[in-house]
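Let's walk through this model together, starting with the overall picture and then moving in to a few individual places. Keep the structure open beside you as you read.

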Amino acid sequence: MGVGSSDENGPRAGTWAIQRSAAEAGTVAIDIEGRKVWMSSDDAALEHVPEAWVTAFCIPASQWGTGFVLDEPVDAEWRAGAAANVAVTAAWWGGDPVLHLDAPEPLQHRRHRSGAHPPLTQSSGRGLCFTGGVDSFYSLLAGDHRPTHLVFVLGFDVNLEDVATSSATTAAVHAVAEGLGIEAVVVRTNLRTDRVFASTDWEHTHGAALAATGHLLHRTIGTLVIPPSYTTSRLVPWGSRPDIDHRWSLPGRLQIEHGNASGRRIDRVQAIASHPLVHEHLRVCWQNEDGQLNCGHCEKCLRTMIMLAAFDQLQHCRTFPDRAALPVALNELESLDRGHMPMWRDLEGLPLRAAERIALDALLARSDESRLTRPEHGRPDPATPSEG
Ligand SMILES: [Zn+2]
């Protein structure tokens, strides 16, 4: 049975047909069951490859128990990698463990025809997915990833309609790239708001979504680095991992690498804390309040702030509130989720100002206490936290 045939289970009821759709210059788009999904960029040429879209949608398809019909052939090695990822993620989160994909035979197997994917010289460009967060900066400054391009996707963690945050985050990515003499590539997409894509948790699909973006950028970048999430010793089921990301690679077009995942969150903060670009542009917050890079009062902001304080760098960071306000902000945090506790406990023994230490100890104490007196609301707390 060839690559292009449907698997032994045959075509699926409710299969999703994906077809390339007409789009204006600078945009690539597909039609999937009457919905249009697109990506565009003013900074780099995007080129349609069918594998990108199946990559983006195959974990949702597994959850829905459905498959795909394409009118273009796909690469056999990519298909094997994607099928392996579907099998693994279905074992973690439920769903159909088989990637059902009905696509024509690659043309090179037919007589008198050229190859389906004409051979290319793989681009020497190296893209690093970059949001401005700790893991992004860690991959950029402390790793050996040597990016030539920072890739930032508007529409993933920043809503396209949030004009203030979109322009603040885009400006920060451009400034960091400029500071290092490399290129910034900003991509815009409606993928995350597609109702079928969005039906699956973003924590499960974000790695595949980044990989799909890389596929479409293959004319500019031949390697895409996805910054690490969990540290190697604390891996849990997650949408981007060292054992998952590389399997979305598209031979001859794009190699995908998971960034150096050594180091706990606090080690990564320490590695980047004194860099001037971090002081100017670090963005860890997902609250997106009033176009600010960081809200300064959510758990993630405060966790990052106190880590920066422990390395005596918070007072230099211009994207957070003044260090003097930290104890009060810590006192206002009700309590910590169990999943976040190990990262806060990593602060033990590090130097803090007296008022910061008192506020931190009080927060840890009331978090312990609240867990003893309050059920966990049935929420499946991860045994260990995301480092992200
Ligand atoms: Zn925040």
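Among contacts between residues at least 6 apart in sequence, 73% join residues at least 24 apart; two residues are in contact here if their C-beta atoms, placed from the backbone, lie within 7 Å. Please bear in mind that this is a predicted model, in which local features need pLDDT of at least 70, side-chain atom pairs count only at pLDDT 80 or more, and totals for chains, interfaces and linings use all residues. Residues are numbered from 1 along each chain as its sequence is written.

The protein has 11 helices and 10 strands, where helices (H or I, at least four residues) and strands (E, at least two) are DSSP runs numbered from the N terminus. Of its 388 residues, 44% are buried. A residue is called buried if 20 or more other C-beta atoms lie within 10 Å of its own, exposed if 12 or fewer, and partly exposed in between, with C-beta atoms placed from the backbone.

The largest nonpolar core holds 95 residues, and A56, C58, L150, V151, V173 and M305 touch the most other members. Such a core is a set of buried Ala, Val, Leu, Ile, Met, Phe, Trp, Tyr and Cys residues joined through C-beta atoms within 7 Å. Take V151: leaving aside neighbours within four places in sequence, V151 is in contact with G127, L128, C129, F130, V185, V187, T213 and L217.

Next, look at a pair of helices. Helix α1 (residues 50-64) packs against helix α5 (residues 202-216) at an angle of about 175 degrees, with the axes 8 Å apart. Axes are lines fitted to C-alpha atoms, for helices over the stretch in contact, and angles run from 0 to 180 degrees between N-to-C directions. The angle therefore makes α1 roughly antiparallel to α5, a label for angles over 145 degrees. From α1, the residues E51, A52, W53, T55, A56, C58, I59 and P60 meet H204, T205, A208, A209, A211, A212, H215 and L216 of α5. The residues of this contact comprise 11 nonpolar, four polar and one charged; Ala, Val, Leu, Ile, Met, Phe, Trp, Tyr, Cys and Pro count as nonpolar, Asp, Glu, Lys and Arg as charged, and the others, Gly among them, as polar.

Helix α5 is mostly covered, as 13 of its 15 residues are buried. Within α5 sits A208, which is buried because 28 other C-beta atoms lie within 10 Å. Apart from neighbours within four places in sequence, A208 contacts T55, A56, C58, I59, G239 and W248. The C-alpha atoms of A208 and W53 are 9.6 Å apart, although 155 residues separate the two along the chain.

Most residues other than glycine have a negative phi. E33, however, has a positive phi near 55 degrees, and lies in the loop between β2 (27-32) and β3 (35-41). E33 counts as exposed because 11 C-beta neighbours fall inside 10 Å. R146, also not a glycine, has a positive phi of about 45 degrees and lies in the loop between α3 (134-142) and β7 (149-154). R146 is exposed, with 11 other C-beta atoms within 10 Å.

R371 and D337 are 34 residues apart in sequence and 8.6 Å apart in space, C-alpha to C-alpha.

Technical notes. Angles under 35 degrees count as roughly parallel, over 145 as roughly antiparallel, 65 to 115 as roughly perpendicular and the rest as oblique.
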